[in-house]
Number of protein chains: 4
Amino acid sequence: MYSFKNDYSEGAHPRIIDALVKGNLEQTDGYGRDPHSENAARLIKKKINRQDVDVHLLVGGTQTNLTVITAALRPHQAVIAVQTGHVCLHETGAIEATGHKVVAMTADDGKLTPALIQSAVDAHTDEHMVQPKLVYISHSSELGTIYSKAELEAIRTVCDANGLYLFVDGARLASALTAQTADITLPDLARLADVFYLGGTKSGALFGEALVIVNDALKPDFRFLIKQRGGMLAKGRLLGIQFECLFADDLYLELGVHANRMAMRLKDAFTAAGVSMLSDSYTNQQFPILPDTLIEKLRQDYKFEIQQKLENGMTAVRFVTSWATVSSEVDAFIACFNKLIKH
Amino acid sequence: MYSFKNDYSEGAHPRIIDALVKGNLEQTDGYGRDPHSENAARLIKKKINRQDVDVHLLVGGTQTNLTVITAALRPHQAVIAVQTGHVCLHETGAIEATGHKVVAMTADDGKLTPALIQSAVDAHTDEHMVQPKLVYISHSSELGTIYSKAELEAIRTVCDANGLYLFVDGARLASALTAQTADITLPDLARLADVFYLGGTKSGALFGEALVIVNDALKPDFRFLIKQRGGMLAKGRLLGIQFECLFADDLYLELGVHANRMAMRLKDAFTAAGVSMLSDSYTNQQFPILPDTLIEKLRQDYKFEIQQKLENGMTAVRFVTSWATVSSEVDAFIACFNKLIKH
Amino acid sequence: MYSFKNDYSEGAHPRIIDALVKGNLEQTDGYGRDPHSENAARLIKKKINRQDVDVHLLVGGTQTNLTVITAALRPHQAVIAVQTGHVCLHETGAIEATGHKVVAMTADDGKLTPALIQSAVDAHTDEHMVQPKLVYISHSSELGTIYSKAELEAIRTVCDANGLYLFVDGARLASALTAQTADITLPDLARLADVFYLGGTKSGALFGEALVIVNDALKPDFRFLIKQRGGMLAKGRLLGIQFECLFADDLYLELGVHANRMAMRLKDAFTAAGVSMLSDSYTNQQFPILPDTLIEKLRQDYKFEIQQKLENGMTAVRFVTSWATVSSEVDAFIACFNKLIKH
Amino acid sequence: MYSFKNDYSEGAHPRIIDALVKGNLEQTDGYGRDPHSENAARLIKKKINRQDVDVHLLVGGTQTNLTVITAALRPHQAVIAVQTGHVCLHETGAIEATGHKVVAMTADDGKLTPALIQSAVDAHTDEHMVQPKLVYISHSSELGTIYSKAELEAIRTVCDANGLYLFVDGARLASALTAQTADITLPDLARLADVFYLGGTKSGALFGEALVIVNDALKPDFRFLIKQRGGMLAKGRLLGIQFECLFADDLYLELGVHANRMAMRLKDAFTAAGVSMLSDSYTNQQFPILPDTLIEKLRQDYKFEIQQKLENGMTAVRFVTSWATVSSEVDAFIACFNKLIKH
C-alpha cells in the first residue's frame, strides 16, 4: 500500500536527519536564541536577497497563520481569503478563535484576484461591519494552482490602493517556486508580500515554517506573539538546524523540483488516459476526476484523499507527491492505473 | 563553558534519536492518527494502570496548558494558580489570551495548599467576579518543590468540595516522581488529577508532552481544540515515536533519576559550603543563594539563570540538571565552586 | 423631512415614558435585582405560558447576540446563519470577536431552511474544521420575511437530528408575530427555540431586549456572561419598567400591528404602481426596487436606506415603519410617491 | 428603609428626565449620529477646553473599560491596575475575556503610585511575559480616595518614561473633582491622561459614560470597537440628551458637590463618634469600621454594603451618597446612628 495521501507522510530528508543526529548533544540556549537559528535566518535572508527582513522559525502552519494574523490585525479587522483557503476551511476556526473574521470569497481555481479583493473591500462600508485589512493567499493554493508574477503584482497594487497587508502562506512554496509554469522568485516574493513563509513541514523537514516579515509595521514584539500562542519551541535549534540544511545550498528548491516532477508524471498519465482534472496544477497536488468504480479499485493498493463528490458517479480525488515520493512507486502506480482504466 | 541553565539545552536521548532515524522513511497518516502515536498512548495507559483515560500528544508546554484550559472552562471561569506558576508568569499571558483570568495566590515554596485554594474560591462571591473552576499546579513546581501524596489528596478534597478541576502540569514530572522524598506514583496522579501531562521536552525527548485526560467531562472534542490552537503536529508520529521510547520500559523515570542524582550532588556541595537554598528542592532545579561576587566568577565558566535579587549583595540563582547532564561536568563544577568559595 | 430610515428613530411609547418618569426617584437595587425586572420576567413568562424559562433583560441586540452565543458554544463550535443575518454582516465581527466562526449560507429571502442547515453540518466533517452547534435565525428576517410555523418546526427537526441549538433573534419579533401572514405564537416560539428574545428597542422601548432561555443547558451562570460582556445595566430597573409596560397587557403586539399596518400601506402603494419588491415582506420593512432618478427625488423629502444597487439604474431601497410611524405622514408619502411616479 | 447601598439606586436628575420626555418623538439618526450626541461632545470639549479630543458616549462602565482596553492594546500587552481596581475585581474577568492580563498591584488606599507602576514594568523583562502597556486608575478610587494633581503628574511622568498609556476610569469623576481636597480640574485630566471618561450613570444620568480620547494613537476606528463590543446604543441620542443636560451648564459638577456634602456629613458623624474609617475619603463613598452588633441594628432601617470583614467583631461597611441622596434622610440616619451607638 503506497500513499499519495499527503506530503507529510514521511520524516525528514536524510541530510536533515544527519544534522540533527550530529548536533544532538550540543548545548545551546533555548527558544530560538541559538547559533543554528541565527544562521538559518542569515541563510534565508541571503536567498531572498534582503537583509532588512525579520525571520522567525515556527513549528507548524496553523500556528504560523494564526500568529501572523493576530499580530497584524486590530480587533475589528478582518482577513480576505478564498473560500478554499486553509484559514477558511481546515484550521478549526483558528483565526476566528483569535477574534477575527475571515471574509471568504468564491473562486473556482483556489486563487484570489484583484477584483475579488476589491469587491470584499467595497462590501464593507462602515463601523457596523468588519474592516478588511489583510489579504491571505496560499502559493501554491489548496488546488495546486500558482500565481504568476503579473497576478501577484496586480494583487500588490490592489492591496496598496486599499491599505491592505498581503500575507502569503508558503506551506508548499518549494513546489510553487519550481513549477514549470512558475515565474516568481524568492526575491519577488519579498518585494511583493508584507509577510510570507517558507514551508518546511511539506518540503523535507520534520516540521517547521520559516516566517519572513518584510513590512516594518509587522515586526515589533513578534516574539511575544509567538510565545503567547504556543509556537515558541523550547529546543528552538531543532528548527534552526533543519532550515540551515534546507538553505545552505539549493536543497529546498531541489526538493520542490523532485515533488513536481513526480506530480507531472501522474498528471501526464491521467491526461493521457483522457481524465479531466479539477484544476490545472503544475505543482505537487493533482486532482483527477475519476469514476467511483475506478477509485474503489485503486484504493486497494494506494492511499489518496477524496476532494469532492461530483455528479454521475464521478469524484475528484487528490494525489500528492513530495520530496520523498519514490520514482519507482510512481511507475508502479501508473502501470496499475493504466491497466485498470482499460477494463 | 558548561550550561546548567535549563533542562532543554540538548537534543534527545540517543534511543529516541535512533528510533526517529530508523522510522524516518516510513509512510504514516498525519495528525496523530498513526500506529506510533496509538502505541505510545497504549504504553502510557499501561504505566498509569488506567484504560479509561484519553491520551493526546502535543508539541510543547505552553500550548498544552492553554489548550487544556480553553477546553475546560466556560468564558467566565478562571484558573487558580500560585503566583510563581508557569501559567502566571512565563507564558506571555497565553491563558488570558484565551479569555480566562488566572487568580494568582502567593506562596513562598511554589506550591498551592487547600487553604489557598479555598481562600481563592471564597473571595469570588457572585456574577460580578470570575468563577474559579480549575486548579493548576506544577509537579515539580517552578521552585523545584514537590507535593506529597497527602498534600495532593488534600487538594483533591478541596477541589471536590468546590466543584473544581485539578490540572497537573508535569513538564518536570519525571524528576518529581523520582525525587528521594517523592511518594506519589503515576497511578496516584491519575486517581487524584482530572487532567495532567507527562513532560517529554525536559525529560529526554526532542519535544512533546503527553496529556492524560482522566475526567470524562474534559474529553469530548479535545482534538478540535488541539487543532484550533495550533498544537496538532502534521507528522504526529514524531511525538508517537518519542513517547514509545520513553514508556516502552522505564526510560522516562530513569532519566528523572539521573537528573535528580546530578542535582543532589550540586545541592550537597552547596549546603556543605554553608550556602542557603531558596527552596528545599530534591528535584532537578536547585536555587542556591550566592554572593554576587561569587556569581560573577562562576559565570566565567558556567551558564545558569538568575532567579531573584536579594539583599546585601546576595542573589538566588538557578542550577538545572537533566537526563543529559554529564557527571564529570558536575564534578568539575563542584571542584571549581569549592575552590572559589574558599577565597 | 420625514424618516422611514429605521425603527429606532424615536424614543419610547408614551406609556413607557410615563412609567419611567413615575418611578424615577424610587430606590431599587441594581443590576436587574429589582422588583420591576422581576415583575417583567413574570409577565413575559405568563405571555409565553412557560414558568420554566429564564428571562434576562439586556440593553441591545448585538450585545444579546454575542452574549448568547458565547454562553452557548465551546471554543471550537460555530454558528450557522444566513449571509444576510445580522450576526454575519452588521455587528462588526462581534461573534468572531468572541472566538466563534459564523458559517454563512446563501439565501435570497433572508431565511434559513432545513436543507441549508443540513448542508452546513455535512460540510464539516472532522476536527480540522469547526463544529456547527447553533442555528441563528432572525424573525422577522433582515429582508422582512418571516418563518411559518411549519418552516420553524422543520428547522427544529433538523436541529434535533444534528444536536444543534436554535437561537431566534427577535429584534423585530412584535412585527413578525403580528404580520397578516403569521401563524407563529409566543408559546410556539418557546416550544421550538432553545433561546430567543423579544426585541424592545425596535418595538416601543427606549432600548432593551428580553432574552428567554428555554433549554436548561443554556441557563447556568448566564448572569456571569451578561456582566462579563458589558451587558448588565447598573440601573437595571429601567429595563424592568419598560418590559412591564410592554407585557402588562397586549401593548407589545399592538405596536407590532401598527407598524405592520403602516408598512402594508406602503407596500400596497408600491405594488399598485407596478413597483417590484426585493422580498415579499408583510412586516415593517419593505424593499421596493425603484429607479435611481425617482430615489433622488424622494430623498428631497424623505429619509430611507439604500439596500442594494441593481442593474439598469434600479436600486432596492428600504422603508421601515414602527410603533411611532405617523399615519398622516404615510398618507403624505404615498401622495408624493404617486405624484412623482406619474411624471 | 433608606438605601446608602450605591449611587445608582435612583433614576435620573429631573432636568434629564424632562429633556428625554421633551425630545421623545423627535426623529433622529441612530448610533450616535444625531444632533444631541454631537452637541454633547461639543459641550464636553468646551468644558475640558480641548477641541482636539474625540468624545464617544457609551452605555456603561464595564463596557467602556473593556472597549478602551481592547482598542488600545496589542494581544501581548497588559494593564497595570491596583488590586481593588474595578477591572481587577468587579467585572467578571471582562478584560481577560478580551485577551489581556491585568497586572494587579497591592495598595492599601486604592491608588497606584509611580513606584508601583515602575515595579510592575520592571517585573516584566522579556517575551516570556506580558508587556505592560496601559495604566488603569479610578478617580475617585474604589475606596473613595482621590489623586492629587502632583500625584497624577508623577504618574504621567512614569508613564512617559515607560511608554505607557494612562487611562482614568471616571465612573465617579463628578465626586472626585469636587471633593474638598481636590485640586485636579477637567483640563488637567485632559492634559495628563491619554483617555478618560466622565461617568454619567453614578452622577445624575439614567446611564451613560462620556469617553474622552486625548491621545491620537487611540483614536482611529474607535467606533468599530464600540460597535463590535456591543456598546453602540441604537437610540444613541438618549446618551446625547443626557450629557447635553449635564454639561450645558455646571450641573455635572453640582451633582458631585451635593453627593460629597451628604457624604461628609456621614463622615463627620462617624468620626465624631470615634469610628475609624477604612480609608480617608472625601468623596461620595465612606467606609466606617463598625461593630457587627451595630451593623445588625442599622440594617433594620438602612441598606448599605459590607466591604470587608475585619478582626474582633468589626466590619468595614460602605455608605454611598449620590446626587439623589435626600438631606433629611441623612439627618435621620445620623440621629439613628447616634442613638444606637450610645447604647
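Leaving aside neighbours within four places in sequence, A:Leu164 is in contact (heavy atoms within 4.5 Å) with A:Ile80, A:Ile117, A:Val121, A:Pro132, A:Lys133, A:Leu134, A:Val135, A:Arg156, A:Cys159 and A:Asp194. The model is predicted, with local features needing pLDDT of at least 70 and side-chain atom pairs counting only at pLDDT 80 or more, while totals for chains, interfaces and linings use all residues. Residues are numbered from 1 along each chain as its sequence is written, chains are lettered from A and ligands numbered from 1 in the order in which they are written, and side-chain values use heavy atoms, with hydrogens and water left out. A:Leu164 is placed in the loop between helix 7 (149-162) and strand 6 (165-169) of chain A; helices (H or I, at least four residues) and strands (E, at least two) are DSSP runs, numbered from the N terminus. With 4% relative accessibility, A:Leu164 counts as buried, where buried means under 20% relative accessible area, exposed over 50% and partly exposed in between (1.4 Å probe, protein chains only). A distance of 51 Å separates the C-alpha atoms of A:Leu164 and A:Lys339, which are 175 residues apart along the chain.

In chain D, the buried residues of helix 6 (residues 114-122) are D:Leu116, D:Ile117, D:Ala120 and D:Val121. Viewed down the axis of helix 6 of chain D, these buried residues fall within an arc of 135 degrees, so they line one face of the helix; the arc is that of the directions from the helix axis to the C-beta atoms. Their cover includes strand 3 (77-82), strand 4 (102-105), strand 5 (131-138) and helix 7 (149-162) of chain D.

B:Asn6 is found in the loop between strand 1 (2-3) and helix 1 (14-22) of chain B and, at 6% relative accessibility, counts as buried. The side chain of B:Asn6 makes a polar contact with the side chain of B:Ser9 (2.8 Å). A polar contact is a pair of N or O atoms within 3.5 Å; within protein, one must be able to donate a hydrogen and the other to accept it, and residues adjacent in sequence count only if both atoms are side-chain atoms. A polar atom of the B:Asn6 side chain also lies 2.9 Å from the backbone nitrogen of B:Tyr8. Leaving aside neighbours within four places in sequence, B:Asn6 is in contact with A:Gly30, B:Arg318 and B:Val320.

Between chains C and D, 47 residues of chain C are in contact with 46 residues of chain D. The buried area, which is the accessible area (1.4 Å probe) that two parts lose on being put together, summed over both, is about 3900 Å² for this pair, with carbon and sulfur atoms giving 53%. C:Tyr8, C:Gln27 and C:Lys235 supply 18% of the area that chain C buries against chain D, more than any other three residues. Four salt bridges are counted between chain C and chain D, a salt bridge being a side-chain nitrogen of Lys or Arg within 4 Å of a carboxyl oxygen of Asp or Glu. D:Lys5 and C:Asp29 meet in a salt bridge through their side chains (2.9 Å, N to O). The count of residue pairs in polar contact between chain C and chain D is 32 (both at pLDDT 80 or more). On the side of chain C that touches chain D, the residues divide into 20 nonpolar, 17 polar and ten charged; Ala, Val, Leu, Ile, Met, Phe, Trp, Tyr, Cys and Pro count as nonpolar, Asp, Glu, Lys and Arg as charged, and the others, Gly among them, as polar.

For chains D and B, 16 residues of chain D are in contact with 16 residues of chain B, and the two chains bury about 1300 Å² between them. Two salt bridges are counted between chain D and chain B. D:Glu96 and B:Lys101 meet in a salt bridge through their side chains (3.5 Å, N to O). Helix 4 (86-89) and helix 5 (94-97) of chain D are the elements that give two or more residues to the side touching chain B.

Over all chains, the structure holds 74 salt bridges. In one of them, C:Arg33 pairs with B:Glu127, with the closest N and O atoms 3.7 Å apart. C:Arg33 is partly exposed, with a relative accessible area of 48%, whereas B:Glu127 counts as buried at 11% relative accessibility.
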